[in-house]
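Let's take a friendly walk through a few spots in this model. Have the sequence and the 3D view ready.

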Amino acid sequence: MCGTVGLFMGCAAVSLCPKQALFARRDDPGGAVDGTGAVAGAEGAEAAPRAKDGEAGPDAYMSPFRTWYERATVRSADRRELGPSAADQGFFAPELVPLASHPLIADLRGERPDIHRDVLVRHLYRYLDFTAKLEHLVVNRTVLGIAHGTIGVRLPEAMRLDAFKIYCDEAYHALSSADLAAQVRRATDVRAELPEVPYFVTRLERYLEETPDDLTALTEILFVIVSETLITAQLSEMGNDRSIVPAVREAVRDHALDEGRHHAYFAVFLRHLWGQLTPATRRRAALRVPRLIRIFTDPDVPSVEREVVGYGFSRDDARRIVTELFPDAAVTAYAKTVSQQTVRHFASVGALDDEQVRAEFAAHGLL
């Protein structure tokens with residue numbers, strides 16, 4: 001609930017909250033929304049020229065959601081339910097869980113035959129928790145602002161309407177993830193033992209604390225663009241992996257299909273956003289993108305270390321295992337691989353034309 005009864009103060013979503021923007025407009029009917037809702041640097045920007053009636057142009061919008069009412073998961077898919085034999089099947093693709101193949105974990109199978117399954121189940125919990133909290137706590141905050149026109153970016157009406165559809169999609173992905181996690185808890189004796197706040201949220205919050213006030217809202221929007229345009233091909237492949245329990249496989253496939261539409265949408269949204277920023281703000285924004293990509297892609301090392309300690313290892317051994325699992329070179333290579341399309345999108349709007357921006361992308365291993 002968003003505190004509409006007037007008893008809630010300090011809402012974390014206030015920078016994009018449509019209710020806050022409505023109050024601002026009521027107090028100043030002729031004025032634009034100020035720092036509480038507008039993207040910094042948009043006023044006086046070089047806006048993309050609008051197309052004339054019947055003419056294609058920068059504002060022409062071909063919606064990726066034309067078949068949404070028929071094909072979106074929330075509209076067409078059944079609830080994904082674990083069958084009675086789920087506990088005997090795979091819960092995640094082992095090749096996507098480095099810990100599952102570590103020699104010291106494999107050595108525990110003699111005394112803990114279920115260790116391999118437990119590692120996969122806990123990784124599934126991590127994935128579901130990450131998904132639910134990303135969609136609810138981060139993505140839908142920005143999508144809410146897009147839908148209600150409170151983020152200071154001029155968009156075609158059709159794009160704002162599509163934002164409502166994305167909001168429904170993401171809310172359903174969060175529900176589906178939470179529902180599936182609850183089913184797994186009932187089907188197994190494995191518990192999640194995850195931090196209340198996901199590591200990527202903690203990292204993002206710390207980065208926002210370092211961010212100049214006039215760039216805070218824009219930085220949150222850029223993080224959503226990053227998260228919605230990254231491509232993890234492995235998860236798409238997992239959606240077709242018959243060794244995975246059907247409910248998990250189908251839920252991953254559902255999510256991948258919906259996110260394909262979201263990716264197309266945010267690629268277009270980036271062009272509208274970039275065209276409405278001043279040149280100076282574009283440069284400042286572009287310099288922040290590499291760090292946002294790494295915030296999203298770098299592994300949750302503390303969570304994995306705690307998991308390893310839970311298997312009976314000392315903290316020093318757990319730290320050594322995790323260091324072996326996630327060497328810097330491998331982490332950087334992964335970030336570069338999954339962000340290639342995201343980097344191309346920013347390059348397509350001219351963000352990487354600046355030498356310092358290119359140097360910043362290279363410093364984070366993304367070029």
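Helix H5 (residues 115-148) packs against helix H8 (residues 216-229) at an angle of about 115°, and their axes sit 9 Å apart. Helices here are DSSP runs of H or I with at least four residues, numbered from the N terminus. The axes are lines fitted to C-alpha atoms over the stretch in contact, with angles running from 0 to 180 degrees between N-to-C directions. This is a predicted model, where local features need pLDDT of at least 70, side-chain atom pairs count only at pLDDT 80 or more, and totals for chains, interfaces and linings use all residues. Residues are numbered from 1 along each chain as its sequence is written, and side-chain values use heavy atoms, leaving out hydrogens and water.

Who touches whom (contact means heavy atoms within 4.5 Å)?

| H5 | Leu 134, Glu 135, Val 138, Val 139, Arg 141, Thr 142 |
| H8 | Glu 220, Ile 221, Phe 223, Val 224, Ser 227, Glu 228 |

## One face of H11

Helix H11 (residues 279-286) has Thr 281, Arg 282, Ala 285 and Ala 286 as its buried residues, buried being under 20% relative accessible area with a 1.4 Å probe, protein chains only. Looking down the axis of H11, these fall within an arc of 130°, so they line one face of the helix. That arc is taken from the directions from the helix axis to the C-beta atoms. Their cover includes H8, helix H10 (246-275), helix H12 (289-297) and helix H17 (355-363).

## A loop residue

Glu 193 lies in the loop between helix H6 (157-187) and helix H7 (199-210). Though not a glycine, Glu 193 has a positive phi of about 55°.

Conventions. Helix = DSSP H or I, 4+ residues; strand = E, 2+ residues; numbered from the N terminus. Contact = heavy atoms within 4.5 Å. Buried < 20%, exposed > 50% of the residue type's maximum accessible area, 1.4 Å probe, protein only.
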